[in-house]
Amino acid sequence: MTERSLVSVAERVFNFSPGPAVLPLEVLERARDELLALPGVGISVLEISHRSPAFDRILEETLGDLRSLLGIGPDHEVVFLQGGASLQFSMVPMNLLRGRTQAADYVVTGTWGATAIKEARREGRVHVAWDGGTTNYDRLPAAGEIALSADPAYVHVTSNETIQGVQWKHDPDLGPAPLVCDCSSDFLSRPIDVAKYGLIYACAQKNAGVAGVTTVIIRKDLLDRSRDDLPTMLDYRTHVKNGSRPNTPPVFAVYVLGLVCRWIRDSVGGLAAMDRHNRGKAKLLYDVLDASGGFYAGHARPDCRSDMNVTFRLPDEATEKEFVKGASARGLIDLKGHRSVGGIRASIYNAMPMAGVEALRDYMLEFQQARRA
Ligand SMILES: *Cc1c(COP(=O)(O)O)cnc(C)c1O
């Protein structure tokens, strides 16, 4: 650490990684500017106590901004947890299913839902209400295809399947049981009607910040379901009672989540504007797929394709490799698809600027053109 390196914005490339993912430049600049000392505090956010007035303020502002952005009402609590979305695969059934005779119903539209249900099986009875695995998760269930159990403890969905690029276009309407949603990869990308959900969980490192913090929004009446024999830290009530601070929370990750909320509110203009922006970006790429005569073959069916993760195949694996390599050389990085789908995945979360998507579109058009010639 002897030489000082000053990296300029010009060195940044377009990052299509599925997560941890691109952050808004304004957020990075703000974090950089405040890294040595928070204004009025004199020390870094990396150094402050989680019990300090400075962090009180950060936590309060972040919660307030989340509540106003998402329109979260008084029936729901919001807490910040650790362990990623993956720990919620376990905590949800531990708190809402353990010891009950009912089944928990899972609508499985991709890899993450399939991972969630595995953990639920350890806690109690599970019912597969629908599973799209037979067509490698390329679609959502059609109306009437979902078979719920008689009286489910809850119904679990994944709003956006990050690996397959399959996204629910509206808040699912799945009966009176509490709806539990893994919103990890489209959280804060669009408005949702929180009142329709019993529990929402989302890690931050896709749309909402850096790894380390997972937001859980839980309807207050569901807190009564947790049993007293749960490990203290795995009981939602512990985190609600202690205002997300039963122990040391991920201070920096909460701080960045707060910056992202403020960016969405002040620079983007709220979640409806964020959604318009995201849809516009996705349309640019899907239009290329649709006009490519099958050269770029989308994985997800058109009525459920994701505005966050655009997944597609090229004619063969060698061409896909070449595509990824050529993109990289142009500063369009991390486009390789997940091994379970193959092909290409362009993750174009909130912070991916239109210019990045335009650059990818231009590259796709040129790449196909060159193959024809
Ligand atoms: C990334 C992701 C997860 C896993 O998140 P971790 O924080 O790594 O545990 C779960 N579900 C979805 C939909 C995701 O996109």
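Helix H3 spans residues 84-96 and helix H4 spans residues 111-121; the two pack at an angle of about 45°, with their axes 8 Å apart. Angles under 35 degrees count as roughly parallel and 65 to 115 as roughly perpendicular. H3 and H4 are therefore oblique to each other. Their crossing is right-handed. On the H3 side, the contact uses Phe89, Ser90 and Pro93. On the H4 side, Trp112, Thr115, Ala116, Glu119 and Ala120 meet them. By class, this contact of H3 with H4 holds five nonpolar residues, two polar ones and one charged. All of this is read from a predicted model.

Now the ligand. Ser86 places a polar side-chain atom 2.6 Å from an oxygen atom of the ligand. Thr162 has a side-chain N or O atom 2.4 Å from an oxygen atom of the ligand.

Move on to helix H9, which covers residues 354-372. Take its packing with H7 to begin with. Helix H7 runs over residues 271-290 and packs with H9 at an angle of about 0°, with the axes 10 Å apart. That makes H7 roughly parallel to H9. From H7, the contact draws on His277, Gly280, Lys281, Leu284, Leu285, Val288 and Leu289. From H9 come Met354, Val357, Glu358, Leu360, Arg361, Met364 and Leu365. Sorted by class, the contact of H7 with H9 has nine nonpolar, two polar and three charged residues.

H9 also packs with H8. Helix H8, residues 317-329, meets H9 at an angle of about 135°, and their axes are 11 Å apart. How is this pair oriented, parallel or oblique? Only angles over 145 degrees count as roughly antiparallel. H8 and H9 are therefore oblique to each other. The crossing of H8 and H9 is right-handed. H8 contributes Thr319, Glu322, Phe323, Gly326 and Ala327. H9 answers with Leu360, Tyr363, Met364, Phe367 and Arg371. The residues of this contact divide into six nonpolar, two polar and two charged.

Look again at Leu360 and Met364 of H9. Both are listed in the contact with H7, and both are listed in the contact with H8.

Technical notes
Residues are numbered from 1 along each chain as its sequence is written. This is a predicted model: local features need pLDDT of at least 70, side-chain atom pairs count only at pLDDT 80 or more; totals for chains, interfaces and linings use all residues. Side-chain values use heavy atoms; hydrogens and water are left out. Axes are lines fitted to C-alpha atoms, for helices over the stretch in contact, and angles run from 0 to 180 degrees between N-to-C directions. Helices (H or I, at least four residues) and strands (E, at least two) are DSSP runs, numbered from the N terminus. A crossing is left-handed if the near helix is turned anticlockwise from the far one by less than a right angle, and right-handed if clockwise. Contact means heavy atoms within 4.5 Å. Ala, Val, Leu, Ile, Met, Phe, Trp, Tyr, Cys and Pro count as nonpolar, Asp, Glu, Lys and Arg as charged, and the others, Gly among them, as polar. A polar contact is a pair of N or O atoms within 3.5 Å; within protein, one must be able to donate a hydrogen and the other to accept it, and residues adjacent in sequence count only if both atoms are side-chain atoms.
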